[in-house]
Each structure stands twice: as C-alpha cells, then as structure tokens.
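Subject: Structure handover

Hello,

Please find the structure below. My notes on what was found in it follow.

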Amino acid sequence: MLRLSNAAVITTNAILALIGLATLCFSVYVFIEGPSQCQRFIQNPLIVTATLLFFISSLGLIAALYSSHIIITLYLLFLFLSILILLAFSIFIFLVTNPTAGKAFSDKGIGNVKTGDLQNWIGNHFLQGKNWEGIKRCMSDSTICRFGPRDVDFDAKHLSSVKFGCCRPPVECGFESKNATWWTVPATTTAAITGDCKTWSNTQNQLCYSCESCKVGVFKGIRKRWRILLVFNLLLILLVVFLYSCGCCVRNNNRVPWKRRFL
C-alpha cells in the first residue's frame, strides 16, 4: 500500500507538472507574440493557474522521490488549501448560475459582511463597463459570427445563444436575410425601427454586439460554460482528495524507519 501510494503521487504529479509547464510555456509564448483581445481575458488567470499547478506538482514529486518529511508536509498543506479553495469556488459557481439558490443567498450575512447580489452577479460583472467592452472587442476580433456558405438556418434551434443574440438582428425586427450577416428592412415595414432593431448593423465588426439581445445571449453562454466548469471543479476536487490521501500515506511512510519500509 505504501509503495502504491508513492507510485500514485509520483505518476499523477509528474503528469500534472508537465501539463502545468506546457500551459505556462504557451502563456508566455502568447504574451511575447502579443495576445488578441480574447486571449487577454484568460492570459493572467492561465499563467497563475499554470504556475501554481507546476509548483505544487513539483513539490509532490520532490517529496515522494526524496522522502522529505518537511516537503511532503508542505505539499499536503497546499493540497488542503486547494481543496478548500475549490470547494468555495464550486459553491460560488453554483450560487451565481442557479437563480433560485442565488436569490435565496443574496445579501445574506451579519452586519456589514454580506454575500452581495449573487443572483445578478454574472450580469453585473461581465455585462457592464470595461468587461463588456472587452467582450465585444473579443467577439469582433474572433470568427464567432463567420458563417459558412451552407449555413442557411439562423433560428435559435440551429445557433448558440451567443450567435443568436449577437450575430443576427432580433426576430421581432422582421428583417429579411440576404445571407448569414446581411439583413435588410422589408419594403412593407411601416413601424418605426427602435431598440435593438436600430442598433443592428451589417458592418462585420459591429453587427448586434451592442444590442441588449447580445447581452442576453452572452449571459446564457457564460452561465452554461460555468455550469460545465462546476462539474470539472467537482472532478478536480476528487482528484485532489485522492492525491491528499496518497500524500498522507507517503507522509506516514516517511516516519517509519528506513529498514522497515521494505519489510
């Protein structure tokens, strides 16, 4: 069992260290080449995450290979803190992506220490000010609204929430589609063009990026991806708990006199 725990710690941490190093090298390469607007959103979190992953994994490798009691203790401490952080982050994701739970726990607390508006956190954080301007520039620089010649269905069933809200005018405008991103006002229209219908532009770097319908689409897209992230976080917690358990076995093994470890 002790040898198995050592092997599990060494193998898993070696793989994680390689992943962290590769991600860190990619992040540095992107930084040197000059990141796009979309890459700027993930560049700093990616560098921090990759650095921590490489550091903690390397610590686990050194501890298991050299049987260092002090290093394995530090490694277990970092793993324990990681479990707490991942649990807290998972609970936060659940609250901000679940309207019922977010409403129930919004503005709860004691005195001046309150949770804030969890129900509308995504909208307030991503769909306002500089963050929203950055998202619009990211969409403008990306290929998200570039359709192929065979794309003929532009309804909600065939498009993602982001494409449906940002890459075409709202359905209520009644515009006629000439192609994927070129829409015209029907000659029979007599009603005044207002709201998102007026905001729509056939210019490729504008389209409906400033529409309220685009914000709705981006909100739905973020919420969907964060729910996927929640599942990933839970799986990651299981992996870290497994490593923590193996690390505890290795730590206990290091306390045993050297000659007795192989008996």
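Helix 2 supplies the largest share of the lining of the largest pocket, 14 residues. Helices here are DSSP runs (H or I, at least four residues), numbered from the N terminus. A pocket is, on a 1 Å grid over the protein atoms alone, an open set of points where a 1.4 Å probe fits, with protein on both sides within 12 Å along at least five of seven lines; lining residues have an atom within 4 Å of a point.

Before the rest, a note on the source: this is a predicted model, in which local features need pLDDT of at least 70 and side-chain atom pairs count only at pLDDT 80 or more, while totals for chains, interfaces and linings use all residues. Residues are numbered from 1 along each chain as its sequence is written, and side-chain values use heavy atoms, with hydrogens and water left out.

The pocket

The largest pocket has a volume of about 1,700 Å³, taken as the space filled by probe spheres set on the grid points, which are joined across faces, edges and corners. Of its 48 lining residues, the closest to the centre are Pro45, Leu46, Thr49, Phe89 and Leu229. Among the helices that each supply at least two lining residues are helix 1 (2-33), helix 2 (37-66) and helix 6 (129-141).

The aromatic rings

The whole structure holds 8 aromatic pairs. Rings of Phe, Tyr and Trp (its six-membered ring) pair if their centres lie within 6.5 Å; planes under 30 degrees apart are stacked, over 60 edge-to-face, and the rest tilted. Phe92 and Trp121 are an edge-to-face pair, 5.0 Å centre to centre with 85 degrees between the planes. This pair joins helix 3 (residues 69-97) to helix 5 (residues 121-126), 29 residues apart. Trp121 also forms a tilted pair with Trp226, at 5.8 Å and 45 degrees. Here helix 5 is linked to helix 9 (residues 212-255), 105 residues apart.

Trp226 is buried, at 15% relative accessible area, whereas Trp121 is partly exposed at 24%. Buried means under 20%, exposed over 50%, and partly exposed in between (1.4 Å probe, protein chains only).

Regards
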